[in-house]
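Good morning, everyone. Please have a look at the sequence and the model on the screen, and then I will walk you through a few places in it.

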Amino acid sequence: MTGRRLDARVRHWAVTYRWLIVLCALVTVLGAVVASQGVHGRLVDGGYTDESAEFRRAEHLLTERYAAGSPQILLVARAERPVDSGQTAVAGHRLAARLGGDPGVASVRSPWTSTDPRLVSADRHAALLLLAVRGDDQQANRTGRRIIREYAGDLPPFRVEAAGRQAINRYAEDQSGRDLLRAELIGIPLVALALLLIFGSFLACVLPVAVGLISIAGATAVLNALARHSSVNVFTLNIISALGFGLAVDYSLIMMSRFREELAGGRAAPEAVRMTMRTAGRTVLVSAAMIALSLSALLFFPTSFHRSLGAGALVVVCLAAVAALVVQPALLALFGHRVGRRRIPLPWLGKRHAHKGEFWYRLAAGVLRRPVVVLVASATVLLLLAAPFASARMGFIDEHWLPRNAAPRLSIEQARKEFPVLNGTTLTALAPDAAHGSAEADRVGRLYSRLPAVDLVTGPEGTFHRGQRVSTPEPVQRAAGTWYAISSQAEPYSGTAQRLVADVRGAPGPGTVLVAGESAALVDMKRSLAGHLVWAVALIIPVAMVLLFLYTGSVLVPVKAMITNLLSLGVSYGSIVVLFQHGLLSQLLGGSATQYTDPLIPAMVFCVAFGLSMDYEVLLVGRIREEYLRTGDTGTAVAEGLQRTGRLVTAAASTVVIALGALMSSSLAVLQLIGVALALAVAVDATVVRCLLVPAIMALAGRWNWWAPASLARLHGRLKERLPDQECELKV
């Protein structure tokens, strides 16, 4: 069956079986609601690391073979009496032994199990317990939740407070569920209000929102099924709910606009539905394919955070497209001319049919008069807004990403004041080929203690300071090999700490030395994510260019689209640094400067924002091409294309911006950042890029916009004969 025959069959089904489609959609939504019960309890705040990275291999060996490893749980035990004397010390020994006996805990460092004086506060009324846990991120999170639940609180004679990464993860898991409800309560009504102002009709407002809710319900059910069999990050539900709702409303808006136009042109409702699917439906299909392509790159990243987000986002995009292309036409056929009636008189809506006195035509005419000035000015502004990303400092999410009054943040801030050891960094170097107590192990310990920025080296081989041994080795039997805890006053994510990782790995030692710790994790994750991002770009851009060529028959248009999309992405990246790393916006939202940019976020923002930007590229370029084929004049085509899509792109983008921007209502800086970055990318793309930059470039290119080598032109012509019609006239 050819593309044209299949397209005609689908249009026929949408009209003929409209009642059946609506009924099936209703049953499906009800089933999805039931199937999504308990989804939040199955999500975990983890999956942020590459399990094949060196630091993860080191952590695994340290916890499984040597009962050591980087601490992920920090407990502060406070008492009215000194913690290192009398009955309080006895109770402390029992507490440490009880924690050490937990099957998920690999090791416990405390004032009662070591001679490290840094684990006791200056007033001797607080003790620091550092727990390393076994397993991957998901297992570590389960252990962390259990330990915090059982031990945090009153354990006479102690009052125990939880801090550290696992406490942050637990807070984020609990808070993200509350934030999801808040975002939906804010985003859905605001989108409905925006649609009401756009269309002036309650029915035209309700139908897109209904399509959006269908998308969310289906995606949540699928995500719940995925969470039963694999690790799904807790933030995935928040992000895909906002993304799915925005896209579904966006696609529904495109279909609705075309349908109302066909009704205004005198067509009967069934024929208007068929024409809508023939034109706007194709645009929605191409747009969904572009976004799905971009999101699919997330599936190839090394972290379950990216993979679960990619899987969920792919599902929600497909559901949004299906809802818009199957359910929406049935609803339009069902309600018919009632969709096209304006029940509320809104003076700013004006006439449905565009004319040359409208804002969008005047804007296009202004761009065409001075395309070089517009091109240089808009590109310069975008580059300046992207420039701050050059000063991005990479570091993982910590207490600075939590609200100022969050309990884990208050606990760790207080602990840093009482225990200065927490303000520096500790690397753990594992030397499997150095026998414990050997001369080689002694030499390596002395060598590490002489490295720049190293204050102290401790471990089974004793304690080393500036090349000298200051304590004797521990008289214990261990597996082959040994390890060293290398302490430095440098911040874990600072350049000094990262150089120290390279120095330890590069120091001459016995065989291969594996390095663990926060600084090593950052170094390894930056390298891993950068490599995977290069592959993602190499996958997305060429395939997206091929899809755009098939859509337009042009070679220049895909190249132009890639360049302009990267410019709008640059603005999004720049905003991450200015608004959150430096704290310009996060402080207004109840947080503080995050100080660092998590390396996982830029890769995620690229894949999502790139696909969203292609949505409006398809709308605008498709309409300009149609006008060019009709008139043969580039200037007229650009002016008419912008005039006829300007209001639609603005309206569609506004719904996506509102849906994503609702994430700003979260109290977690990570969700605020993702919402702002994606919403800003869409807003800039729908305004500066589509209204100024793209028309200026196409005006300068003239006939070259539609050039293609003869062989590619013939290929496009043959494919066009087998595809549905390419008309895509879209207006609000």
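Let me begin with a question: in which helix does His-306 lie? It lies in helix α11, which runs over residues 304-335, and please keep in mind throughout that what we are looking at is a predicted model. His-306 counts as buried because its relative accessibility is 0%, and buried here means under 20%. The side chain of His-306 reaches the backbone oxygen of Leu-600 at 3.0 Å, and, if we leave aside neighbours within four places in sequence, the residues in contact with His-306 are Leu-298, Phe-301, Leu-529, Leu-600, Ala-603 and Met-604.

Now let us turn to a pair of helices. Helix α8, residues 202-229, packs against helix α9, residues 235-264, at an angle of about 145°, and their axes are 8 Å apart; the crossing of α8 and α9 is right-handed. Among the residues that make this contact are Leu-207, Val-211 and Ile-216 of α8, together with Leu-237, Ile-240 and Phe-245 of α9. Sorted by class, the contact of α8 with α9 has 15 nonpolar, seven polar and one charged residues.

My last stop is helix α20, which covers residues 634-661 and bends by about 45° at Thr-645. Is α20 mostly covered or mostly open? It is mostly covered, since 21 of its 28 residues are buried. At the start of α20, finally, a side-chain oxygen of Asp-633 comes to within 3.4 Å of the backbone nitrogen of Gly-635.

Technical notes: Residues numbered from 1 in each chain as written. Predicted model: local features only at pLDDT ≥ 70, side-chain atom pairs only at ≥ 80, totals over all residues. Heavy atoms only, no water. Bend = angle between axes of the 7 residues up to and from the residue. Helix = DSSP H or I, 4+ residues; strand = E, 2+ residues; numbered from the N terminus. Buried < 20%, exposed > 50% of the residue type's maximum accessible area, 1.4 Å probe, protein only. Polar contact = N/O pair within 3.5 Å; in protein donor to acceptor, adjacent residues only side chain to side chain. Contact = heavy atoms within 4.5 Å. Axes fitted to C-alpha atoms, helices over the stretch in contact; angles between N-to-C directions. Left-handed = near helix turned anticlockwise from the far one by under 90°. Nonpolar A, V, L, I, M, F, W, Y, C, P; charged D, E, K, R; others polar.
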